Amino acid sequence: MAFATERAVDFAVRPAAASLLSQVRRSRFRPVAALVLSAVALGGCSWFAPTPPVGNTGLPSDFEITSTGTIVGRKVEQLQSDLGRLKSAVDAQQQNYNALLSQTVRSSEAYHGVVAAVQARLQLGTTPGNPLLVQQWNQAQRELDNVTGNVTALGQLASQVSSSSTSAAYLLDSTRAALGLSGGIDQDRIALNLIEDDTSRLLVRIDRLMTALSDQISRQTVYVSGERSNLTTLALAIKNGELYGDSIATRTFTPSRVSATPTFYEAPPAAEAVLDDRRPLVVIRFDQPGVAYQQALYTAVSKVLEQRPQTGFDLVAVSPAGGSASEVAMNQNKSKQNAQGVLRTLTDMGLPSDRVSVAATTSADAAVPEVRLYIR
């Protein structure tokens with residue numbers, strides 16, 4: 001049908017065109033008329049090549065950067081080579097980040113699996129210092145060490161990505177400067193525009209990778225610090241065969257500084273009266289060997305820190321005032337040793353030692369050596 005229509009139009013136009021040509025031959029404007037007729041005759045033809053398609057950037061979609069041999073063309077070759085190397089480096093850094101993230105996930109899952117097994121056994125009840133639990137605790141520590149190693153590797157990777165960001169910014173500036181050079185052709189200008197666009201997109205990709213690295217390093221650092229404290233508390237729980245909760249340090253905002261040998265001061269009468277007027281948070285009476293005070297102490301201190309995270313404590317070794325001089329001295333020594341043990345327990349649970357002051361005194365109300373913990 002289309003062919004028949006074209007033939008019909010052709011036969012209809014041909015006589016009119018022949019008549020017009022005969023009139024033009026007799027006219028003095030033959031050259032101009034001939035041009036007009038040529039344009040009319042060629043108007044329906046499809047001999048002209050179509051306009052090449054362009055993308056959103058206004059550049060041909062099938063354009064390839066090739067050497068033109070000009071001064072600017074040689075600069076294009078150098079910039080294109082630098083961009084290729086930078087892309088390869090960023091690809092490798094992205095793969096390294098993904099691998100470190102996967103390793104961290106695996107180590108964290110293994111760590112929490114072992115810790116959950118230990119806690120489940122402690123909840124059911126076990127013997128103090130169970131060697132199987134000690135072995136599992138060591139395994140949990142190794143998995144947490146792996147996470148720590150991954151955090152260090154993430155920090156090193158962040159330095160590499162930062163270097164790539166600097167290189168990409170320099171490459172972008174060099175490309176824009178090359179657009180102002182003389183001695184190039186249109187193909188060089190188009191190539192520089194393409195390199196500029198690719199470099200800009202690469203900079204966005206690098207910035208996203210830097211943001212992800214910064215977030216992960218911050219998150220994993222806090223995570224490892226908290227779990228270190230939890231492991232310390234778990235070790236104390238295994239030692240005593242009792243289940244505690246998370247470390248007390250996770251409820252505070254200051255770093256822990258453990259003092260192995262606390263310095264005692266003898267409370268003067270005025271200080272003794274102040275200590276007696278306050279109601280102690282915990283009173284531990286050492287009337288027999290191996291007093292199990294750890295669980296009650298942990299619970300009491302945890303509840304206080306949940307409401308007031310920056311609370312300080314006064315730990316007082318109280319010895320009986322009655323008896324001979326030798327008995328008083330012996331009881332004072334026992335009270336101080338007991339207070340040292342309570343302080344070590346608090347620091348093992350994660351409470352910073354600088355949040356606890358230690359004092360020693362005698363009291364007529366005490367029948368046996370005691371350790372009292374007051375809220376400061």
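Me: What makes the pairing of the side chains of aspartate 314 and arginine 376 a polar contact?
Reply: In this predicted model, the side chains of aspartate 314 and arginine 376 are 3.3 Å apart. The criterion asks for N or O atoms within 3.5 Å, one able to donate a hydrogen and the other to accept it. The pair is therefore counted as a polar contact. The side chain of aspartate 314 also makes a polar contact with the side chain of serine 357, at 2.3 Å.

Me: Why is aspartate 314 called buried?
Reply: Its relative accessibility is 12%. The limit for buried is under 20%, so aspartate 314 falls in that class. Aspartate 314 lies in strand E3, residues 313–320.

Me: Which residues are in contact with aspartate 314, leaving aside its neighbours within four places in sequence?
Reply: They are Arg278, Ser357, Arg372, Leu373, Tyr374 and Arg376.

Me: How do you know that E3 and E5 pair?
Reply: There are 6 bridges between E3 and E5, which run antiparallel. Among the partners, leucine 315 is bridged to leucine 373 in E5.

Me: What joins strand E2 to E5?
Reply: Strand E2, residues 282–285, is joined to E5 by 4 bridges, and the two run antiparallel. As at least two are required, E2 and E5 are therefore paired. Within E5, valine 371 is the bridge partner of isoleucine 284.

Me: Why is strand E5 described as mostly covered?
Reply: Of the 6 residues in E5 (residues 370–375), 5 are buried. Glutamate 370 has a relative accessibility of 3%, which is under 20%, so glutamate 370 counts as buried.

Me: What makes arginine 285 and glutamate 370 a salt bridge?
Reply: The N to O distance between their side chains is 3.2 Å. The cut-off is 4 Å between a side-chain nitrogen of Lys or Arg and a carboxyl oxygen of Asp or Glu, so the pair qualifies. The pair links distant parts of the chain, with arginine 285 in strand E2 and glutamate 370 in strand E5, 85 residues apart.

Me: Why is aspartate 91 called partly exposed?
Reply: Aspartate 91 has a relative accessible area of 32%, between the limits of 20% and 50%, and is therefore partly exposed. Arginine 205 also has a value of 32%, so arginine 205 is classed as partly exposed.

Me: Where do arginine 201 and aspartate 198 lie?
Reply: Both lie in helix H5, 3 residues apart, about one turn of the helix. Residues three or four places apart in an α-helix point the same way, because there are 3.6 residues a turn. The side chains of arginine 201 and aspartate 198 meet in a salt bridge at 2.3 Å, N to O.

Definitions and conventions
Residues are numbered from 1 along each chain as its sequence is written. This is a predicted model: local features need pLDDT of at least 70, side-chain atom pairs count only at pLDDT 80 or more; totals for chains, interfaces and linings use all residues. Side-chain values use heavy atoms; hydrogens and water are left out. Buried means under 20% relative accessible area, exposed over 50%, partly exposed in between (1.4 Å probe, protein chains only). Contact means heavy atoms within 4.5 Å.
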